[in-house]
Structure formats: structure tokens, C-alpha cells
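The sequence and structure are shown first.

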Amino acid sequence: MEIASKIILPLFIIIIIFYGVKKKINVYDTFLEGAKEGLMTTFSIFPAVIAMIFAINIFLDSNALGGLIKLINPLLGNISMPIEIIPMALLRPVSGTASLAIMNDIFKGFGPDSFVGRLASILQGCTDTTVYVIALYFGTVKITKIKHALWVGLFADLVGIIVAFVLTNLFF
Amino acid sequence: MVGYIWAFLIGVGVIYSLCTGNINVINESILSNANDALDLILNLLPTIVLWTGILKIAEDSGLLDKFAKLLSPILCRLFPDIPKNNKALGYISSNIAANMLGLGSAATPAGLKAMNELQEINQKKDTASTPMITFLVLNTAGVTLIPTTILALRVAYNSASPGEIILPAIMATACSSVAGVTLDYFIRRRNRKWK
């Protein structure tokens, strides 16, 4: 399993670059062009990152989460889900930047190779901003009755979160 | 919606800390927050720039289109209601392929075009059609082969093996996609029976 994980990245790069060379495109110039776009994109998300980090850090530093967890703790019972992951799981469907900010906090506090750090990484990777995507896509074609789209999307996210938890236990 | 959540997080944080006497902590937090955001961006920047460069090669060389073509026979089966040779299927495959490669900027335009095509063949213009819902379920399950931002952050925090989460993440995505598509299928079948 570990080898399979490690082989994905190098394999990807070699396929992409070889295919580019085979198709006779200027791989170096194309790379530079794409990298420049990436630079612009990263800077353009900076305001959103500031906004989200600001709100989330205030929320986390106030320890309101601790109070909230005390309230719902009896409901969670025996599930040994680390509490740090809960706000991330709740915010993931709405804002990718918010969940990214929480993942950053988790890495800072526990390290990326801790259980919760790995769980956060997998969670961020296996779900998407469901609510945002549905609002954007249906909004552009002016559909107001979305039927069961949102619920199925959120159900899929929930399954993803549970599987992420199980796999983190299995893999590491 | 994001606006409400944003205001909620700040509001709850400030009020809770006032009530519990954590006022010093919250002051410190407010003043140092913006620096954290800059750190985060700087951590993300190098890996993202590298990957967008590499993925641009995949896009320009036609590898992305080829990948989309490979996907379309599988996707065909999920969308029995879309007439054969309709453009929507092509856009849907491009969208899913771009999402898989982490090319968000290429995925969204293809996705919106797919929605427009689906709206053309939609009977009731204000109501989501079956293929639209299936498409969005697939899309929001978020299959990503190379999760660039996550890798970037793991590298920045000195992970011993930044890529180790890729495989479990793909497996978890596969499970959630299958769960979403299956649930969608059963809801559709039940609705048909009642009609």
C-alpha cells in the first residue's frame, strides 16, 4: 500500500511530460505559462484565506468549540473521533478555504503525520464543497427546485468522512 | 451562505470568549490572525505553482481530452436519459477528468457548459432534471488524483511522507461517489414507481 501511494506522483509526472514531448508541444514554455497562472490564482484566493483564517481562529481560540463538544458529547458516545476534525467536517461542504484553514491549524497543533493530521488530509481530499458547487451550477441555469440533489450530495460527503476515518485507522 | 457562517464564527467566538473571560486570548488572536493567513499562502504557493505548471502540459498536449474520452463510456451508463451524441456527455467527461487531475480552473467552465446543455433538454425549466442531479452528485464527490493544496501543506509542515494520504483519499472518494450515485439511483426508481 505504501509503495502504491508513493508511486502515484512520479508516475503522473512522467506520463504528463512524456505525452507532452510526444505531442511535440514546448513542455518548458507550457510549464512556465501554467505556473504563472497558478501564481495568479494563489494570490487571488489570498483575501478569502485571510477572511476565513480570521473567523476560524477567533472561533477556535475562544474555545467555544470545547463548550459545544461538552454539549453534544453524550450523543457521540463511544466514537473516538478526534474533536478537532468536527468543525472541519461541518464546514467542508460549504467552504473549501474554511476547511483548509482548519487543516492548517491541525497540522500546526498536531503535525501532518499525526492521526488527526492524516484524517484531516484524507477528509480534505475526499470531499468537495458540495453546497457551493450545487448553488453555483443550479444558479447559472436558473433552476430553483433542486429536488434531492443537496441531500444526496451531503450523504455522499458523510459516507466519505466515515470511510476516511476507517481508512486512517486501517492504513496507519 | 458563506457570509452567514463567517459572521457566525466571529460572533460566537467573540461572545463566548467575553462570557468565559478569555478576553486576552481573543485580542491576541485578532491581532496575529492575518499573519497566519500569509504563512498559509506562502506554504501553499510553491507546490501549487509547480503543479499548475505540470498540469498545463497535460491540458495543452491533449492528455486531458484523451482522459475525458476514456471516461465517457463509463459515464454513458450513468446517464441513460441523455440522448447519444449530445454535447452534454462530452462536457461532463471533461469536467470529471479535470476535477480528477485537480484542474479546478478547467473543470468549472466545462461543468457550467454541461449544465447549459442539460438545461436545453430539460422538460421543466425551473426543476432539476435527473441527469443534472446525477452529474452534481458525481461532481461534488470530488474525485481528485493529485490533491495539490493538501500535498503542499503537508510538505510545508515537514511530513515524513506527504503523498501517503493520496491512496486512502482516492479510496474514500470512490466509496462516497458510489454511495451518492446508488442513493440517487434508488430515489429515482422509487419516484418512477409512484408515478
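## Basis of the description

The model is predicted.

## Chain B

Read from the N terminus, the elements of chain B follow the order α-α-α-α-α-α-α-α.

Along the principal axes, the C-alpha trace of chain B extends over about 65 × 45 × 30 Å. Of the 195 residues in chain B, 48% are buried. When contacts in chain B between residues at least 6 apart in sequence are considered, 64% of them link residues at least 24 apart.

## Chain A

Chain A contains nine helices and zero strands. Its radius of gyration is 20 Å, well over the 16 Å given by the globule rule for 172 residues, so chain A is more spread out than a compact globule. The C-alpha atoms of chain A occupy a box of roughly 60 × 45 × 30 Å along the principal axes.

Two domains are assigned in chain A: domain 1 (1-44) and domain 2 (47-171). The centres of domain 1 and domain 2 of chain A, taken over C-alpha atoms, are 29 Å apart. Buried residues account for 45% of the 172 residues in chain A. Among contacts in chain A between residues at least 6 apart in sequence, 66% connect residues at least 24 apart.

## Helix 7 of chain A

Helix 7 of chain A (residues 115-126) consists of 12 residues. From its first C-alpha to its last, this helix reaches 16 Å, close to the 16 Å expected at 1.5 Å a residue.

Among the buried residues are A:Val116, A:Arg118, A:Leu119, A:Ile122, A:Gln124 and A:Cys126.

## Contact between the chains

The contact involves 87 residues from chain A and 83 residues from chain B. On the side of chain B that touches chain A, the elements giving two or more residues include helix 1 (2-19), helix 2 (23-60) and helix 8 (166-194) of chain B. Helix 2 of chain B gives the most to this side, with 24 residues.

By residue class, the side of chain B that touches chain A has 51 nonpolar, 25 polar and seven charged residues.

Technical notes: Residues numbered from 1 in each chain as written. Chains lettered and ligands numbered in written order. Predicted model: local features only at pLDDT ≥ 70, side-chain atom pairs only at ≥ 80, totals over all residues. Helix = DSSP H or I, 4+ residues; strand = E, 2+ residues; numbered from the N terminus. Expected span 1.5 Å × (residues − 1). Buried ≥ 20, exposed ≤ 12 C-beta atoms within 10 Å, placed from the backbone. Contact = placed C-beta atoms within 7 Å. Nonpolar A, V, L, I, M, F, W, Y, C, P; charged D, E, K, R; others polar. Domains from an automatic or database assignment. Rg over C-alpha atoms; globule rule 2.2 N^0.38 Å.
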